[in-house]
Amino acid sequence: MSDGQPAGSAATAEAPLKFSIVIPTYNEAGGIERLIVTLSDLFKANGLDGELIVVDDNSPDGTGAIVDRLGADYPVRCLHRPGKMGLSSGVIDGWKFARPDSQALGAIDADFSHDPAVIPKMVAALQSGGYGLAIGSRYVPGGGIKNWPLRRRVTSLVAIALAKPLTPVNDITSGYFLVKRDALQGVELDPIGFKIGLEVIAKAHYGRALEVPYVFQDRAVGQSKLNSGEIANYLRQLGRIYALRLKLKPPGGAADSAAGKKMA
Ligand SMILES: Nc1nc2c(ncn2[C@@H]2O[C@H](COP(=O)(O)OP(=O)(O)OP(=O)(O)O)[C@@H](O)[C@H]2O)c(=O)[nH]1
Ligand SMILES: [Mg+2]
């Protein structure tokens, strides 16, 4: 697959891939409507059969009620949880709530840090049959990060370095991805903390992964929920994955970038 390929080029006679993308939310009232409208328009413009699942943890700012209202006009449903229960567990619960005939499951943050425009490429990668996992990647040619303070950049690079022995994927801590439902069959995902992408990258049976470059933007509205507790959770999560790896053989997991460069 190359960057020159038209977005959504799965435009063959075959039916479009059915997929569900989870948007975990806690106090995202400032941007959730714009994100849902943007994603819905993108699905329509590219002939994609996508469903959106917002998993809202009873946000005090009323995010869940906004999503319920939008459900009348857009392909979105809200799973309401009673209180703040964590990002990863939210994504996993959202996947369970997704329509059962979705062939692929994914996640995207609510704050526009993840550029929706690359979704057609992610879908095309899975639909091509060559890839079981498509990752929005900051760390392949064409990808990048805008507006992050030095402290966040360094934290991200250290987090990635610590996980590097686990996988050839470059953006190991990406929370923006789409994975074939089959690849999660029988996989036990640890719902700890913020890094559901790492769970999938390290444990799922996806065969090949494609890293699709995008430029990460710092959130424009709302507040970050990343704190030192989540950093501790990440270290705990990594420890558990390394312990598992000592017991089990790693899953098949080569990775390519969308520029076509083989990385492993
Ligand atoms: N349902 C749910 N969503 C959460 C929870 N914690 C965070 N989120 C959502 O997960 C996504 C990522 O959280 P952010 O606060 O943006 O974390 P971050 O991207 O690491 O931090 P920033 O760079 O400051 O944005 C956002 O859509 C949040 O609303 C939670 O406990 N429950
Ligand atoms: Mg964010």
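1. Leaving aside neighbours within four places in sequence, Ile23 is in contact with Ile32, Leu35, Ile36, Leu39, Leu52, Ile53, Val54, Val55, Ile108, Asp109 and Ala110. Please keep in mind as you read on that this is a predicted model.

2. Now for the setting of that residue. The largest nonpolar core has 39 residues, and Ile23 is one of the four that touch the most other members, together with Phe19, Ile36 and Ile119. At least two residues of this core come from each of β1 (18–25), α1 (32–45), β2 (49–56), α2 (63–70), β3 (76–80), α4 (119–127) and β8 (207–213). With 6 residues, α1 gives the largest share. There is also a second, separate core of 27 residues, and its members include Val55, Leu105, Ile201 and Tyr206.

3. Next, the pairing of α1 with α2. Their axes come within 10 Å and cross at roughly 30°. Since angles under 35 degrees count as roughly parallel, α1 is therefore roughly parallel to α2. The crossing of these two helices is right-handed.

4. From α1, Ile32, Glu33 and Ile36 take part, and they meet Thr63, Ile66, Val67, Arg69 and Leu70 of α2. Sorted by class, the contact has 5 nonpolar, 1 polar and 2 charged residues. Two of these names have come up already: Ile32 and Ile36 are both on the contact list of Ile23.

5. On to α4, where burial is the main theme. This helix is mostly covered, with 9 of its 9 residues buried. The buried residues are Ile119, Pro120, Lys121, Met122, Val123, Ala124, Ala125, Leu126 and Gln127, so a lysine and a glutamine are on the list too, each under the 20% relative accessible area that defines buried. Among the elements covering them are β1, α1, β4 (104–107), β5 (133–137), β7 (177–180) and β8. After α4 comes Gly129, which has a positive phi, near 90°.

6. Ala65 and Cys78 are 13 residues apart along the chain, and their C-alpha atoms are separated by 8.7 Å.

Notes: Residues numbered from 1 in each chain as written. Chains lettered and ligands numbered in written order. Predicted model: local features only at pLDDT ≥ 70, side-chain atom pairs only at ≥ 80, totals over all residues. Heavy atoms only, no water. Core = buried A, V, L, I, M, F, W, Y, C linked by side-chain atoms within 4.5 Å. Buried < 20%, exposed > 50% of the residue type's maximum accessible area, 1.4 Å probe, protein only. Helix = DSSP H or I, 4+ residues; strand = E, 2+ residues; numbered from the N terminus. Contact = heavy atoms within 4.5 Å. Axes fitted to C-alpha atoms, helices over the stretch in contact; angles between N-to-C directions. Parallel < 35°, antiparallel > 145°, perpendicular 65-115°, else oblique. Left-handed = near helix turned anticlockwise from the far one by under 90°. Nonpolar A, V, L, I, M, F, W, Y, C, P; charged D, E, K, R; others polar.
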